[in-house]
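I am opening a notebook page for this structure. The entries below keep to what I looked up.

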Amino acid sequence: MSDEEILVKINPKLAVLASKFLADCRTMPEELRSAVESGDIAVTRRIGHSLWGTGSSYGFDGIGSLGEEIERAAHAGDIEALRKLAERLDSYLTRVRPVFD
């Protein structure tokens, strides 16, 4: 995976909310891994749904897309895909930087 920084333009009016959302998201890869390892598909589906529904609302389309993939993998019960998606989410969140302008 790339280690290139991902810059995302965010409306400055959303600065506080988007920053809080991003901070909350940074806990989700570990939550997703834990849910996958314990077999709790309902939690994986909830994480995906939350990311999908909220990510794009704040301007983080990459988070929204990953959330959609997570929710679909959860519905399919695809544990291996969920493991890979947890890694992709972690990588994305490590590299994403909001730019408020």
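Is aspartate 24 buried, partly exposed or exposed? I looked up its relative accessible area, which is 34%, so aspartate 24 is partly exposed. I use buried for under 20% relative accessible area, exposed for over 50%, and partly exposed for in between, with a 1.4 Å probe and protein chains only.

Entry: basis. I note that this is a predicted model, in which local features need pLDDT of at least 70 and side-chain atom pairs count only at pLDDT 80 or more, while totals for chains, interfaces and linings use all residues. Residues are numbered from 1 along each chain as its sequence is written, and side-chain values use heavy atoms, with hydrogens and water left out.

Entry: overall layout. I find 5 helices and 2 strands in the chain. Their order from the N terminus is β-α-α-α-α-α-β. Helices (H or I, at least four residues) and strands (E, at least two) are DSSP runs, numbered from the N terminus. The C-alpha trace spans about 40 × 25 × 20 Å along its principal axes. The radius of gyration is 13 Å, which agrees with the value near 13 Å for a compact globule of 101 residues. That radius is taken over C-alpha atoms, and the globule rule is 2.2 Å times the number of residues to the power 0.38. I also looked up burial: 36% of the 101 residues count as buried. Of the contacts between residues at least 6 apart in sequence, 68% join residues at least 24 apart; contact means heavy atoms within 4.5 Å.

Entry: helix 1. Which residues of helix 1 are buried? In this helix, residues 15–25, I list Ala18, Phe21, Leu22 and Cys25. They lie on the same side of helix 1 because they cover an arc of only 95° around the axis. The arc is that of the directions from the helix axis to the C-beta atoms. Val16 and Lys20, on the other side of helix 1, are exposed. The buried residues pack against strand 1 (6–10), helix 2 (28–38), helix 3 (41–55), helix 4 (61–76), helix 5 (79–95) and strand 2 (96–100).

Entry: helix 3. This helix has 15 residues and reaches 21 Å from its first C-alpha to its last, close to the 21 Å expected at 1.5 Å a residue. The expected span is 1.5 Å times one less than the number of residues. Its buried residues are Thr44, Ile47, Gly48, Leu51 and Gly55. Seen down the axis, these fall within an arc of 95°, so they line one face of helix 3. They pack against helix 1, helix 2, helix 4 and helix 5.

I then took threonine 44, which lies in helix 3. Its relative accessible area is 0%, so threonine 44 is buried. Leaving aside neighbours within four places in sequence, I find threonine 44 in contact with Leu32, Ala35, Val36, Ile70, Ala74 and Leu82.

Entry: nonpolar core. Which members of the largest nonpolar core touch the most others? Of its 26 residues, these are Leu51, Phe60, Ile63, Tyr92, Leu93 and Val96. Strand 1, helix 1, helix 2, helix 3, helix 4 and helix 5 each give two or more residues to this core, and helix 5 gives the most, with 6 residues. Such a core is a set of buried Ala, Val, Leu, Ile, Met, Phe, Trp, Tyr and Cys residues joined through side-chain atoms within 4.5 Å. With neighbours within four places in sequence left aside, isoleucine 63 is in contact with Phe21, Leu22, Cys25, Leu51, Gly55, Tyr92 and Leu93.

Entry: salt bridges. I count 9 in the structure, each a side-chain nitrogen of Lys or Arg within 4 Å of a carboxyl oxygen of Asp or Glu. Aspartate 24 is bridged to lysine 20 at 2.9 Å, N to O; both lie in helix 1, 4 residues apart, about one turn of the helix. An α-helix has 3.6 residues a turn, so residues three or four places apart point the same way.

Arginine 33 bridges to glutamate 30, with the closest N and O atoms 3.2 Å apart. These two are 3 residues apart in helix 2, so about one helical turn separates them. Glutamate 30 is partly exposed, at 47% relative accessible area. Glu30, Arg33, Glu87 and Asp90 are linked in a network of salt bridges.
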